[in-house]
Number of protein chains: 2
Amino acid sequence: MNSGENEMSEKWLAGIDIGGTSIKLAFFTETGELVHKWEIPTNKDNRGMAIISEVGDSVQSKLIELHGDVSPLVAAGVGAPGPVDTDKGLLFEAVNIGWQDNFPLRDLMQSALNVPVAIDNDANVAALGEMWKGAGKGSKDLICITLGTGVGGGIIYKGDIVHGSKGAAGEVGHITSVSNGGYMCNCGKTGCLETVASATGVVRTALDKLKVYDGESLLKPIVESSGTVTAKDVFDAAAKGDKLANEIVELLADYLGIALANSSAILNPEKIVIGGGVSKAGDILLTPLRAKYKKYAFKPIAENTEILLAELGNDAGIVGAAWLAANKIG
Amino acid sequence: MNSGENEMSEKWLAGIDIGGTSIKLAFFTETGELVHKWEIPTNKDNRGMAIISEVGDSVQSKLIELHGDVSPLVAAGVGAPGPVDTDKGLLFEAVNIGWQDNFPLRDLMQSALNVPVAIDNDANVAALGEMWKGAGKGSKDLICITLGTGVGGGIIYKGDIVHGSKGAAGEVGHITSVSNGGYMCNCGKTGCLETVASATGVVRTALDKLKVYDGESLLKPIVESSGTVTAKDVFDAAAKGDKLANEIVELLADYLGIALANSSAILNPEKIVIGGGVSKAGDILLTPLRAKYKKYAFKPIAENTEILLAELGNDAGIVGAAWLAANKIG
């Protein structure tokens, strides 16, 4: 090594997770150890036009604050809330933010950060995060599903995200769970897994069942006083042995179990990772879900697939974005 | 080129498709043009122990017959009727033939043929054949499904077969189509797609419906005279406008449509290729199937996925086996 190089020079990857409310940012070492993380609000004024420069300024300030100069940063990954053309670095649109018409996110970020950038969809980036440092660590074949306000997913095959022929692979939330009838989904069809397995879906199922349920339930006083229940109310009541709440959880587990079993018949994953707010229910959801999965999955697959809770929570996006920076550039 | 080499020397790939009744064999050029194909019966005596040497002898005789010596053969691919460990070249078992206990098919075939050999499951090999020279030509992301006595499948992603973490990917036939109840499947669970979408399944649905159907149907005299109907009888009657037969086809299209739409939500394939005996129904099946697929698939996927009939028929296996020889050796 010649004297012009510093053996101890650090190389950092930026992981950036752009959401509708806030932007999560972090620096990681090349092996994925967290150096520092922080957040800034998402400035949606003027159709999100200020976001790029605000991210660029924030990253630069943080580098100077932490290191005195910008030299450690070598690459960045970005997760964005919309469908992405990863090859061209375009975001088709991000309705939450206002970006549209094949927004050239990668090139704009590269200009703002002065390092090479790779981008992907936020659900895919979260899945990569769980593979790299979370519940999927050590696995290369994963189905990741996020049960939040909606239902998102990321499919990992041979250690990389499956994008499919038009970038729409991993749309686990739009598996049709109810073949005839079912609730209308935002996507325009009915009966999607998202309509029954998201937090919103759990609440809707609960309210529908409460309307016609004659028996006692811990959920009744809640809906009487507040006009609604939350998904958490349902899981809490189920944990206390409430019959109606357990019926709702059983139905959720049934829809999720068959969707994941049938996805597994196609892919034979090593692990299935469940994240998002609904997954905070923990064993109250996992126990019936594992039983339903075993019922519906092809036996050689059922015996060899682990169903696990996601481990990284809201950090999955920044970790996965850093994985992009480490693996998709060069 | 020195004088010791012959500019016109041919290089052939052997494609070998081992079935329970017959073994299909062929030579192809390296670009997949058929040179010659033939069949030999499957000798199941003594748990199939003679098959390897009979294939070896048959290939050698044919090379001498066609070329005067064995020099053209450079590699071979083999499709086998059972689950395969492609890396180790083992067949876990082939109940139809009698092979079991991790039968070392690849190494035995290499010894018999004196060229390098690659092996895979017969459904996967048929899918590769359709990708290389059939309905999937030019595509790299395919779902192939074979509707025969059973229902098999092969998933192609980025131009290669998806095996999954334990080699059980592509088990399309064991997607659970009927979540509660449903017919018992050979795999040990109930309600598999195979129980309703195979030729056997179509016949069973028809016989069940005929038992309770009060109206006129072209199928009634058939079942009265022969005791049963065939899947072809059902499609023929549907083509003539028979109401009951069309109900049976509609139900089949519904089960297939939702299974393929949900598989597409995971993979976003470019094409779906339908093969096997039931696919001979042609448009009588394809037209309602495309309508059901459109109903159940996520819109951006439905708009960009072609559903096509397989083109190679019984030759898909030898073509796909030759693809293995061309792409999986070296």
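**Reading two interfaces**

Modeller: In this predicted model, domain 1 of chain A and domain 2 of chain A bury about 690 Å² between them, and 59% of that area lies on carbon and sulfur atoms.

Biologist: Which element gives the largest share of the side of domain 1 of chain A that touches domain 2 of chain A?

Modeller: That is helix α4 of chain A, residues 122-133, from which 4 residues come. By class, this side of domain 1 of chain A has 4 nonpolar, 2 polar and 1 charged residues.

Biologist: How many residues are in contact between domain 1 of chain A and domain 2 of chain A?

Modeller: A contact count is given for each side, and here 7 residues of domain 1 of chain A meet 8 residues of domain 2 of chain A. Between these domains there are 0 salt bridges, while 1 residue pair is in polar contact.

Biologist: What area is buried between chain B and chain A?

Modeller: The area buried between chain B and chain A is about 3300 Å², with 59% from carbon and sulfur atoms. In chain B, the residues that lose the most area to chain A are Tyr157(B), Ile266(B) and Phe298(B), together 20% of what that side buries.

How values were computed: Residues numbered from 1 in each chain as written. Chains lettered and ligands numbered in written order. Predicted model: local features only at pLDDT ≥ 70, side-chain atom pairs only at ≥ 80, totals over all residues. Heavy atoms only, no water. Contact = heavy atoms within 4.5 Å. Buried area = accessible area lost by both parts, 1.4 Å probe. Salt bridge = Lys/Arg side-chain N within 4 Å of Asp/Glu carboxyl O. Polar contact = N/O pair within 3.5 Å; in protein donor to acceptor, adjacent residues only side chain to side chain. Helix = DSSP H or I, 4+ residues; strand = E, 2+ residues; numbered from the N terminus. Nonpolar A, V, L, I, M, F, W, Y, C, P; charged D, E, K, R; others polar.
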